[in-house]
Amino acid sequence: MDFALAPEDEAFRDELRSWLDEHLPPFLEKEALDDDAKLSGQSSQDRRAAWQRELNTGRWAAIHWPEQYGGREATAMQRVISSEVMAEYRTPGMFNTNGIWQIGPMIITWGTDEQKARWLPSILEANDHWCQGFSEPQAGNDLANLRTTAILDGDHYVVNGQKIWISTAHLAKWGLFLLRTDPTAIERGAKHEGITAFIIDMETPGIECRPIRDMAGEEMFNEVFFTDAHIPVDCRLGGEGEGWMVAMGTLGFERVGIAGQLSILGADLRALVEATRSVNPDALSDPSIQERLVKAWTEIELAKLLSLRALSRIIKGERPWPEVQFAKLQWSSLAQSMAELAVDMLGPAGVLARGGPDAIDRGKWTRLYAFQRYSTIGGGSTEVQKNIIADRAIKLPGQARLS
Ligand SMILES: Cc1cc2nc3c(=O)[nH]c(=O)nc-3n(C[C@H](O)[C@H](O)[C@H](O)COP(=O)(O)OP(=O)(O)OC[C@H]3O[C@@H](n4cnc5c(N)ncnc54)[C@H](O)[C@@H]3O)c2cc1C
């Protein structure tokens, strides 16, 4: 494989770097961090919204959207380059990550002209926050088992049921939801049918969000209850029964993002060594720590190569299978072992949480220690991913599956 960048990709990377050189330092200076802000807190959201708007002034917020909607029509390679450069510069997070990476492209693919004009600017310009409501108590890995119903009644649908684990739903004005418009489909043994996508105004009467406190002490995700909520017909995205296809497109965008996550891990590892040098330097001469550090570094590089192989397939118009699944597995176990390594390297101060005056990097590493448990669950759990690989890539006999 040729790892050299094409001239247009090099130009893309250089343009992004010089834009960040000019715009990031003044932004960071102006938006001094509120030390008490929680990830889901308002001040953190305001800062993310401000950064997304700043990126949008240079058309760097939604690079993969078509130019007519404010994007750059970036190729898959350029999306990876952008993630790498953003990780290298340690840029703040965006306000509408879900909206920009997944929901916006689905509206562009499935929405009417009216729907595009109504919602795309609100995502891009960070006017409203967006969430993605797929999971239910009985429908996580087995997403097609979802049972929240939307029954057509004149010019609206009546929605009843419950979603769970919906990130930032309590802060969102809008959400992309998957609902069951044909309640007979599961009984008929055709559960992938009869699912429809809707864009829902979270302030609609009959919708209640209850934040769930997670083990990192944050209230980021929610249970969302629907009781006779009336959703207008013009909020349906795509046709009735097309929701599964909408969802698969959305999750497809999620998977390309793995390369960006790996770049963030690489940047985190470098930052971790720097932080250790200042607060617990002796750890860096401990042979067992050295071994774990080198292992983490090597595994990050290996996973990056895997995701480049997936990218090469995407560029050739092929399905990036099974490399993306392998890279997801590799990233999730790495994210957890690195969070454990961080706490061990930083010593006693490494376990101080955000808010304390001596907390390192505002308690980032302590938080990751608990939060990274999510990486082997979200986006398809490790066991289910392994089963898919066992079945379809290695073609192991059925009894070898994890069940
Ligand atoms: C931090 C975080 C944020 C999230 N944000 C969102 C969001 O914004 N929107 C949204 O819709 N969802 C969100 N989710 C939900 C996420 O998509 C689900 O948690 C995920 O799909 C797993 O589903 P589940 O939790 O129902 O687990 P289950 O599917 O019930 O799995 C439970 C356990 O059983 C195992 N298991 C299940 N089936 C099998 C099988 N066939 N063989 C072997 N083992 C199996 C799994 O590996 C797992 O260990 C979020 C989750 C997390 C952790």
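Student: Which domains give residues to the shell around the ligand?

Tutor: Domain bounds come from an automatic or database domain assignment. Here domain 2 (130-241) and domain 3 (257-400) both contribute residues to the shell, so the ligand lies between them. This is a predicted model, where local features need pLDDT of at least 70 and side-chain atom pairs count only at pLDDT 80 or more, while totals for chains, interfaces and linings use all residues. Residues are numbered from 1 along each chain as its sequence is written.

Student: Which residues around the ligand come nearest?

Tutor: A residue is near a molecule or strand if its C-beta atom, placed from the backbone, lies within 6 Å of it. There are 21 residues around the ligand, and Phe134, Gly140, Asn141, Ser381 and Glu383 come nearest. Strand 1, strand 3 (156-167) and helix 11 (382-393) are the elements that give two or more residues to this shell. Helices (H or I, at least four residues) and strands (E, at least two) are DSSP runs, numbered from the N terminus.

Student: How many residues of strand 4 are buried?

Tutor: A residue is buried if 20 or more other C-beta atoms lie within 10 Å of its own, exposed if 12 or fewer, and partly exposed in between, with C-beta atoms placed from the backbone. In strand 4 (residues 174-180), seven of the seven residues are buried, so the strand is largely enclosed by the rest of the structure.

Student: Which way do the residues of strand 4 point?

Tutor: In a regular strand the side chains alternate between the two faces of the sheet. Trp174, Leu176, Leu178 and Arg180 point one way, whereas Gly175, Phe177 and Leu179 point the other way.

Student: Which strands pair with strand 4, and in which sense, parallel or antiparallel?

Tutor: Two strands pair if DSSP finds at least two bridges between them. Strand 1 (residues 130-133) pairs with strand 4 in the parallel sense over four bridges, and Gln132 stands opposite Leu176. Strand 5 (residues 195-201) runs antiparallel to strand 4, joined by seven bridges. Across that pairing, Leu179 has Thr196 as its bridge partner, and Phe177 stands opposite Phe198.

Student: Is strand 5 mostly covered or exposed?

Tutor: Strand 5 is mostly covered, with six of its seven residues buried. Two bridges also join strand 5 to strand 8 (residues 236-237), and these two run antiparallel. There, Ala197 has Leu237 as its bridge partner.
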